[in-house]
Each structure stands twice: as structure tokens, then as C-alpha cells.
Amino acid sequence: MCIRDRLQTNEEGKIVLGQLTDITTISANAVPSSDHPRLSKFWNIQNEPFNYPSNLTVCQNDRIVLPYAEDQLNNRQIGFYQIINSPQTRINNLFSSLKLENNALTISGLQKGQYTLCLLYTSP
């Protein structure tokens, strides 16, 4: 079944869809104007669970990209830490290394080492 509707953004340029029960994909087509050409976008939002690694061994300048369904980063729901074990164990909070790009969590610019990713999702 396909549902089609015309939506308008709010003052912030956003469209809030709410809970999308039984919806697996969304496609959008922006109405072209003299300032903007035609724009199309497609999202596959099937509610499949993601399995994220909690311990990461990273090489210098690795770029890590993971699907991320939230629309913002919140340090109460996600943590990213570097663990240094010499001569004493030290843990560095690297939350600022996390970026949200195209429905994905992107981590880059890291040094070689051991890292821990902690995710806590709350139900809507």
C-alpha cells in the first residue's frame, strides 16, 4: 500500500511525522523553484535492530559510520570513550568526536587505540 500526501515544513524547516507504525520506507520530492532544482530523497526505515560494537580498536584516522535513527546527539543516550592503559588506566570522554550525518553516526579524526561506544535508547 502506498500513501501519498503533500506536507509543509514548519518555521524551522522541519516536517514532524510522529510514530510511523508499519511504515518501511519514505520518499520525498521537493517542489522545484527558481532558487532550488528538483530534489528527491529516499529513506528505508524498517524497524530492524542495529547491532553496534561496544569495543572498537581503531587505526589512525579511521572513519566509522553507523546507522543512527535519532535526530540529535544527546550525551545522556550515547557515550564514546578512549581507554588508555599505560601506565595507569585513563578514560577520555570523546563525545565531541561524534557527528550526525545523513541518518548516520560518524566518528572520525581518531588516534590509534581502544575505544568504547555506549548507546542507550529510550522508547518513544
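Two strands pair if DSSP finds at least two bridges between them. Strands (E, at least two residues) are DSSP runs, numbered from the N terminus.

**The model**

This is a predicted model: local features need pLDDT of at least 70, side-chain atom pairs count only at pLDDT 80 or more, and totals for chains, interfaces and linings use all residues. Residues are numbered from 1 along each chain as its sequence is written, and side-chain values use heavy atoms, with hydrogens and water left out.

Strand E4 runs antiparallel to strand E8 (residues 104-107), and four bridges join them.

Strands of a sheet pair through backbone hydrogen bonds.

Which residue has a positive phi although it is not a glycine? Asn-61 does, at about 65 degrees. Asn-61 sits in the loop between strand E3 (55-58) and E4. Its relative accessible area is 56%, so Asn-61 is exposed (exposed means over 50%, buried under 20%, partly exposed in between, with a 1.4 Å probe and protein chains only).

**One aromatic pair**

Rings of Phe, Tyr and Trp (its six-membered ring) pair if their centres lie within 6.5 Å; planes under 30 degrees apart count as stacked, over 60 as edge-to-face and the rest as tilted. The count here is one aromatic pair. Phe-80 and Tyr-115 are stacked, with 5.4 Å centre to centre and 5 degrees between the planes.

Phe-80 lies in strand E5 (residues 78-85) and Tyr-115 in strand E9 (residues 113-119), so the pair ties together parts 35 residues apart in sequence. Phe-80 has 0% relative accessibility and therefore counts as buried. Tyr-115 is at 2%, so Tyr-115 counts as buried too.

**A nonpolar surface patch**

Eight residues make a nonpolar surface patch of about 780 Å²: Met-1, Ile-3, Leu-7, Ile-15, Leu-17, Leu-20, Ile-23 and Ile-45. Patch residues have over 30% relative accessible area and no salt bridge, and nonpolar side chains are joined within 5 Å. A salt bridge is a side-chain nitrogen of Lys or Arg within 4 Å of a carboxyl oxygen of Asp or Glu.

Take Leu-7, in the segment before strand E1 (25-30). At a relative accessible area of 48%, Leu-7 is partly exposed.

Methods:
Patch = residues over 30% accessible without salt bridge, like charges linked within 9 Å, V, L, I, M, F, W, Y side chains within 5 Å. Areas by Shrake-Rupley, 256 points an atom, 1.4 Å probe, with all protein chains shown as cover.
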